[in-house]
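Morning, everyone. Please look at the model on the screen while I talk.

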Amino acid sequence: MVEGDSRRIAFTVQYDGGPYFGWQLQRNRRSVQGELEAALARLFVRPARVLGSGRTDRGVHATGQVASVDAPIQWEPRELKRAMNALLPPEVRVAHANDVAPGFHPRYAATARSYVYRIGVAAATTSPFHSRWCWALQRELDADAMARASEDVVGDLSFRAFAKAGQEHRGDRCIVTSAHWERWDTMGLAFHVTANRFLHHMVRYLVGTFVEVGLGRRPGEDVARLLNGEGGVVTSPPAPAHGLFLASVSYPPDAYREPRDDLLESLPPKIV
């Protein structure tokens, strides 16, 4: 937003969540939001408040987190991107920056969010070049059974069973528009899911339950039973945080003042 002596700039952030205690500012703990605000404060020579499209937990990564800041009018988006990347630690990168429409808020303006969760089936995923960014399970999985179970989570549904306790005040319904499994090269499987919103730990609980289905430890029908709130059915433990990526965030066409050119980057990077 260009108004007076400031302009609102949105930027797409990629980060390795391993060294951080999540996205959100925390006292005496490293956070991605904190690193961004520290870099911007140096550039603006004043405090800077960064807003994000949503929180990611400790250890969760992102290739398509979207954030915004009100910058001094003289800062062009591309120059701000370049300057931020010169100051940020190596685990955090600004992939793209752009002027946005008046009133843009990266959280409230978002229409959908997409996550990807990687599971390593091959022994090679225990390599340090893979294990930080996937769940190196090293077990064969019934991909067909997992694919069938994932079909049950598409729709406007209550995900109370797949959320961390204590979230009732937020509501438990989410509209999932896409949920499916794909092969992750020769390494394993990746779960792709898109929804208007996600509950706390929702993707990790879903993946943990799907994996139990894939290992033959529970029937795929349990997913529908959990969504329907049937008694006597318990959600499987959540999958580890380090296999999860916030892949992209979607907005109305008029939210950005010019087309975003970062969308091809909003996928988990190929790690060789």
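**A glycine, then the rest**

Start with Gly-17. At 3% relative accessibility, Gly-17 counts as buried. Buried here is under 20% relative accessible area, exposed is over 50%, and partly exposed is in between, with a 1.4 Å probe and protein chains only.

Two notes on the source. This is a predicted model, with local features needing pLDDT of at least 70 and side-chain atom pairs counting only at pLDDT 80 or more, while totals for chains, interfaces and linings use all residues. Residues are numbered from 1 along each chain as its sequence is written, and side-chain values use heavy atoms, with hydrogens and water left out.

Back to Gly-17. Where is it? It lies in the loop between strand E1 (6–15) and helix H1 (32–44). Helices are DSSP runs of H or I with at least four residues, strands are runs of E with at least two, and both are numbered from the N terminus. What does Gly-17 touch, leaving aside its neighbours within four places in sequence? Gly-59, Val-60 and His-61. Contact means heavy atoms within 4.5 Å. Leu-43 is 26 residues from Gly-17 along the chain, and their C-alpha atoms are separated by 24 Å.

Now the whole chain. It has 5 helices and 10 strands. Its radius of gyration is 19 Å, close to the 19 Å that the globule rule gives for 272 residues, so the chain is as compact as a globular protein of that length. That radius is taken over C-alpha atoms, and the rule is 2.2 Å times the number of residues to the power 0.38. Along the principal axes, the C-alpha atoms fill a box of roughly 60 × 40 × 35 Å. Of the 272 residues, 54% count as buried. Take the contacts with a separation of 6 or more: residues 24 or more positions apart account for 71% of them.

Next, helix packing. Two packed helices are described by the angle between their axes and the distance between the axes. Axes are lines fitted to C-alpha atoms, for helices over the stretch in contact, and angles run from 0 to 180 degrees between N-to-C directions.

First pair: H1 and helix H2 (residues 77–87). Their axes come within 9 Å and cross at roughly 115°. The crossing is right-handed. H1 brings Leu-36, Ala-39, Leu-40, Arg-42, Leu-43 and Phe-44, and H2 brings Leu-80, Ala-83, Met-84 and Leu-87. By type, that is 9 nonpolar, no polar and 1 charged. Nonpolar covers Ala, Val, Leu, Ile, Met, Phe, Trp, Tyr, Cys and Pro; charged covers Asp, Glu, Lys and Arg; the others, Gly among them, are polar.

The H3–H4 crossing is right-handed. Ala-145, Met-146, Ala-149 and Ser-150 of H3 meet Phe-210, Val-211, Val-213 and Gly-214 of H4. That contact has 6 nonpolar, 2 polar and no charged residues.

Last, backbone angles. Most residues other than glycine have a negative phi. Asp-185 has a positive phi, near 45°. Asp-185 sits between strand E8 (173–184) and strand E9 (188–195). Asp-185 is partly exposed, at 46%. His-201 has a positive phi too, near 70°. Its loop runs between E9 and H4. Is His-201 buried or exposed? Buried, with a relative accessible area of 15%.

Note on methods: A crossing is left-handed if the near helix is turned anticlockwise from the far one by less than a right angle, and right-handed if clockwise.
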